[in-house]
Amino acid sequence: MHRARVVLQASSKIGNSERFASWLIKNPQAVAMTINANRLKSSTAAEPFLNGSSSAYVETMYNNWLTDPNSVHASWDAFFRNATNGAQPGVAYTPPPNLAPYAKNEVPLTSLIPASGGMPSIASGSPINEKIIDDHLAVQAIIRSYQARGHLAADVDPLGITTANLPQLGMRAPSSELIMRKYFNFGTQHTLSRHSLLGWKQSLLTWMPTSATGTVGYEPSPTKRSLDNTCDSIRGHHIAKLDPLEIANFNTAEKNPREVIYNSYRFDEADMDRVFKLPSTTFIGEKEKALPLREILNRLEQAYCNNIGIEFMFINSLEQCNWIRQRMEPPNVTKMSNDQKRLILARLSRSAGFENFLAKKWSSEKRFGLEGCEILIPAMKQVIDTSTKLGVESIIMGMPHRGRLNVLANVCRKPLHQLFTQFAGLEAEDDGSGDVKYHLGTYIERLNRVTNKNIRLAVCANPSHLEAVDPVVQGKTRAEQFYRGDNEGKKVMSILLHGDAAFAGQGVVFETMHLSDLPAYTTHGTIHIVANNQIGFTTDPRHSRSSAYCTDVARVVNAPIFHVNSDNPEAVMHVCNVAAEWRATFHKDVVIDIVSYRRNGHNEVDEPMFTQPLMYQKIRKTKPVLEIYADRLIKEGVVTAEEVKDVKDKYEKICEDAYNQAKQETHIKYKDWLDSPWSGFFEGKDPLKMSPTGVVEETLVHIGKRFSSPPPNAAEFEIHKGLLRILKARMEMVEKRTVDWALAEAMAFGSLLKEGIHVRLSGEDVERGTFSHRHHVLHHQKVDKATYCALAHLYPDQAPYTVCNSSLSEYGVLGFEVGYSVTNPNALVLWEAQFGDFNNVAQCIIDQFISSGQAKWVRQSGIVLLQPHGMEGMGPEHSSARLERFLQMSADDPDYMPPESPDYEVRQLHDCNWIVANCSTPASLFHILRRQIALPFRKPLILMTPKSLLRHPECKSSFDEMAEGTTFKRVLPEEGPASENPDKVRKVAFCSGRVYYDLLKERRDRGLEKDIAIVRLEQISPFPYDQLKSEISKYPNAQLVWSQEEHKNMGSWSYVEPRFRTLLRNQKQISYNGRATAASPATGSKAAHNKELKNLLDEFCVL
Ligand SMILES: Cc1ncc(C[n+]2csc(CCOP(=O)(O)OP(=O)(O)O)c2C)c(N)n1
Ligand SMILES: [Mg+2]
């Protein structure tokens, strides 16, 4: 307020030539700067409306006037003109002109003045009364407060236990304390949870009437000042000057974020019938522009404090806030037609009927039933109906255990007999080890009977690990959008279901949400539905989260959050409609928090009374929602009791028939549960025939040259000089027909792109490459966002190339790429770790999806993990990608050597769960990447990748090793002098990866080239028994060692040792050459590192 007041005062001193508002517009701050400090002290008593809460209002008026004098009422215009013309305090105000008749719904300011109260009338020409302004401001602030914090007083909990803080049953805040006009006595604060009170009591209720006096007024509270400040600065951060470089572009829709500040206001009971003009930020009036205060409060109560609580005022867009207000504020927005009500009831009946049926037939089986949140099924169907109406054709869902079978049965309409066979303990007809029934995925195409449109529904298979499937679903959704050309997410969307405890507790939720608006990761809005039963296993919310709601994580992405009481089905459906429309309109995430309860224990054999006795006493007394709603509709005359029974009986009969059909089944089929069928990919393919991986030299040259050239419009596109040098060096390599690591990778990608294979490389800083070796995206040095990616412009009809720096997340991003990779088999999807060390942050995705996904869910993935790995003296981290862990999870039997056959390689690959490799040459990289696509099936590839080798002069390959007719070599034999006279060779060292170059140098330095042969395993797992066998037999007189740079309990040793034993059949031994065992992957001391390396090399040379 100071600013407005001070500016007003300052302006009165300004000369006549500068008296118009227009000059202020240009640089209002400059005016403020010229103010004489003494003026701050001048009295404003003569302008009483410049005091207190009205000051902010006046400031707003003043700012508006500065921008456009016509935008404010004529009386304000006159006042500001007078003030700027130097009028003395007290005389600047002139009454408003009132010449034109008032438009319909327009309320004259004079009519707002109470008839009694002794206040002078505006029309009388006396100065405007301070109370009128204060009252209006108070009403505006009340409206705003309901919008911002009404959710805290909403009745969204069907148990009425208010976030499960139950020192004693029945100690919930009485509703009279929850509703503004009635509560004022806070004596029961200690019985209420911090969630329910700390937030809203002190803020929303700032205007509450004291029940003792009946006065509606401001209740001074210790937090008053800070609350006022909060309001004042609620969006101040948008304009705060935080960026020292001043390049941040804070994209807020509200350019003038200053809010009304309120300090004090006071209503009498008589005020309740006074009519107040409604601000443009509310839609409670529908067509009415003004309402009596009593009606305003009633409507606000209905909109914000009934069975729906809405959190949306943190959203940084006025347009979006208004959009929500428009859909939530008008009276009767949740009203449904009778047909709609019957549909909800029918769906609810099926949802409850399904759980009842399972409970009856398999009473002691775990199924994680939905009882208490049966409304989830109608809710999901409503979201799907509305989304399909709005153009969505394919929905990908991820969900936890709770209610999953019900979702499969009643949302996806998976054949019931297939579901019931899962309870029968039958053996599987096809390969794989399977999964428990409440983890399986499904895919279904069917007609949506409500919209009469075809729809594809997929529920992704998921592990027990809660929320782990979230990024996978997003990746799959993104991929489907990409391949359908659905660039705005109009056809394909994702729905993620969550439990309350998991949604609040699992970090991957945040990591996934944070992808939601990134250009290469967005799915253009996800609808999140929380089946919030107010408990996680045996822990209630006060011990499982620090946030007020389980959904608070969604606030970071500006997602609106709708909390809704599950016992009010129509409110739930309304919220679902709004959420689906929100997603279709803004393409941003939205959360539906269905506040419900869990009628049984965590699973059906758990006893909840052990740990939540009071909550469960309450639950026992709570009627099931089906009963509540059926009674309501019967009472309303929408349905009859007979109809309700008929719907129930019919569904029971359907279940019974399916049950009998399931009894006829003798086997289950895992394929029935596939979430991502690849139609046409396997058909007609020889499952053991691999396409060639070598390519014609012309292709290598073309890609090499393009990749080594600056952008075609080089004259205008200024690239960094250092990059010009790199490109030049690349071009020289191409001319010499050689490649380094980066060039080989580019040629693998480029040749696949040429063949129509989409390549997507994602991870932290992948565009440049952590080690500055890749440089797939060149940046114009003078123009922001002007980039050039040569691999995207190799051939006119090539497949698209996507290379994208990701957010700094491993769990989220790797999960995303796994989801991406299962969508289209004709794509090479790669995730690169910044350093291999960081892959363990994504361990759950590696363990639960990548290594075991096919075995559990018959779902294949050809994802590639590029993991910088190598002991180069960089300390405990930045050294090891934990090769041993991947090898330990390889499922091939160390005691079994597959029989030799011409298709040995592909057979092994077919049978393994993943491929683990530590290649030593660029040519190997080229072939192994291309082999991912050449295979007639898909397998994950775990690739250790180099750091210093990226620039090692010897780590180069010739075009000859990549040209037509060449293939990936699982084993690289010795080709030097030792191989010429193998009988004389005294030692054969087997190794893998970068240590080869250390061994090579040491052998050369010591002149042992004839004595020691070095054989490299370019692929470690599956173990290349066949090729190693012939290598071993070449050197009959040599001792065998395995040389590795990792510590003995790490690296490959534990994996290769038993397999060598199987291969050698105890006729020969292989010994270990490498670092001793250790707890830490690498030493932090450079000296110790060098010493360890020296020991390793010394030992290597001992003959
Ligand atoms: C990552 C992870 N940690 C722990 C568990 C064990 N667990 C299974 S269900 C559950 C409680 C989940 O509570 P909530 O998310 O509220 O879902 P609800 O069971 O209540 O539907 C827990 C802790 C798990 N499955 N995953
Ligand atoms: Mg829960």
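Of the 15 residues around ligand 1, which come nearest? Arg402, Ser464, Asp500, Ala501 and Ala502 do. The views below come from a predicted model, where local features need pLDDT of at least 70, side-chain atom pairs count only at pLDDT 80 or more, and totals for chains, interfaces and linings use all residues. Residues are numbered from 1 along each chain as its sequence is written, chains are lettered from A and ligands numbered from 1 in the order in which they are written, and side-chain values use heavy atoms, with hydrogens and water left out.

View 1. A residue is near a molecule or strand if one of its heavy atoms lies within 4 Å of it. Histidine 401 places a polar side-chain atom 2.9 Å from an oxygen atom of ligand 1. Serine 464 uses its backbone: a polar atom there is 2.8 Å from a nitrogen atom of the ligand. A polar backbone atom of alanine 502 is 2.9 Å from an oxygen atom of ligand 1. A polar contact is a pair of N or O atoms within 3.5 Å; within protein, one must be able to donate a hydrogen and the other to accept it, and residues adjacent in sequence count only if both atoms are side-chain atoms.

**View 2. Helix α12 (residues 318-328) crosses helix α21 (residues 569-586) at roughly 150°.** Their axes come within 11 Å. Axes are lines fitted to C-alpha atoms, for helices over the stretch in contact, and angles run from 0 to 180 degrees between N-to-C directions. Helices (H or I, at least four residues) and strands (E, at least two) are DSSP runs, numbered from the N terminus. The angle makes α12 roughly antiparallel to α21. Angles under 35 degrees count as roughly parallel, over 145 as roughly antiparallel, 65 to 115 as roughly perpendicular and the rest as oblique. From α12, Glu319, Gln320, Trp323, Ile324, Arg327 and Met328 take part. Their partners in α21 are His574, Val575, Val578, Glu581, Trp582, Thr585 and Phe586. Contact means heavy atoms within 4.5 Å. By class, the α12 and α21 contact has seven nonpolar, three polar and three charged residues. Ala, Val, Leu, Ile, Met, Phe, Trp, Tyr, Cys and Pro count as nonpolar, Asp, Glu, Lys and Arg as charged, and the others, Gly among them, as polar.

**View 3. Helix α13 (residues 338-361) also meets α21, with axes crossing at roughly 100°.** The axes come within 11 Å. α13 and α21 are therefore roughly perpendicular to each other. Lys341, Ile344 and Leu348 of α13 touch Pro569, Glu570 and Met573 of α21. The contact of α13 with α21 holds four nonpolar, no polar and two charged residues.

**View 4. Helices α25 (residues 697-707) and α26 (residues 721-735) cross at roughly 165°.** Their axes come within 8 Å. That angle makes α25 roughly antiparallel to α26. Val701, Gly704, Lys705 and Phe707 of α25 meet Leu727, Arg730, Met731 and Val734 of α26. Five nonpolar, one polar and two charged residues form the contact of α25 with α26.

**View 5. Two loops carry backbone details.** Asparagine 452 has a positive phi of about 60° although it is not a glycine. Asparagine 452 sits in the loop between β9 (442-448) and β10 (453-459). The peptide bond from serine 1021 to proline 1022 is cis, with omega near 0°. Proline 1022 belongs to the loop between β29 (1019-1021) and α36 (1025-1034).
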